[in-house]
Amino acid sequence: MPRPKGSKNKKTLSVSIPENVEEKIAAVEAEIAELGKTLKAKKAELKELVKAKAEADKLAAEKKAEEDKAKILEAVEKSGKSIEEILEMLGK
């Protein structure tokens, strides 16, 4: 009697376990733990750098605002007009 359609010879799996698999597993786990510590340290460093950059940007913006204010006041003094006259002119 012939084999039924779709039937195939089954192959058996032979799994070979390396000799020092336990040592390799322990080494990889230790490396993962070390990388986790390094990752935490780098994230903390990044957070500090972002904070410092934000503070520097804030100080730069404040300095620019003060410079702009000084320029505007100087221009008002040079024009010889009063603040009310300038506000009136800007309002139109």
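1. Helices first. A helix here is a DSSP run of H or I with at least four residues, numbered from the N terminus. In this predicted model, Leu90 lies in helix α2, which covers residues 83–91. The protein chain has 2 helices and 0 strands. Helix α1 takes in residues 21–79.

2. How much of the chain is buried? Of its 92 residues, 2% count as buried. The accessible surface comes to about 9,500 Å². Carbon and sulfur atoms account for 61% of that surface.

3. Now the charged pairs. How many salt bridges are there? The count is 4. Three of them are taken up below, among them Lys53 with Asp57.

4. Start with Lys53 and Asp57. Their closest N and O atoms are 3.1 Å apart. That pair counts as a salt bridge because the cut-off is within 4 Å. Why can these two side chains pair up? Lys53 and Asp57 sit 4 residues apart in helix α1, so about one helical turn separates them. Are the partners buried or exposed? Lys53 is exposed, at 54% relative accessible area. Asp57 is partly exposed, at 41%.

5. Next come Lys64 and Asp68. Their side chains meet in a salt bridge, with 3.4 Å from N to O. The spacing in helix α1 is 4 residues, so about one helical turn lies between Asp68 and Lys64. Asp68 is partly exposed, with a relative accessible area of 31%.

6. Glu74 has a relative accessible area of 42% and is partly exposed. Lys78 reaches 67% and counts as exposed.

7. Which residues form a nonpolar patch on the surface? Ile83, Leu87 and Leu90 do. Together they have about 340 Å² of accessible area. Leu90 brings us back to helix α2, where it lies.

How values were computed:
Residues are numbered from 1 along each chain as its sequence is written. This is a predicted model: local features need pLDDT of at least 70, side-chain atom pairs count only at pLDDT 80 or more; totals for chains, interfaces and linings use all residues. Side-chain values use heavy atoms; hydrogens and water are left out. Buried means under 20% relative accessible area, exposed over 50%, partly exposed in between (1.4 Å probe, protein chains only). Accessible areas come from the Shrake-Rupley method with a 1.4 Å probe; for residues, only the protein chains shown count as cover. Patches are made of residues with over 30% relative accessible area and no salt bridge: like charges are joined within 9 Å, nonpolar side chains (Val, Leu, Ile, Met, Phe, Trp, Tyr) within 5 Å.
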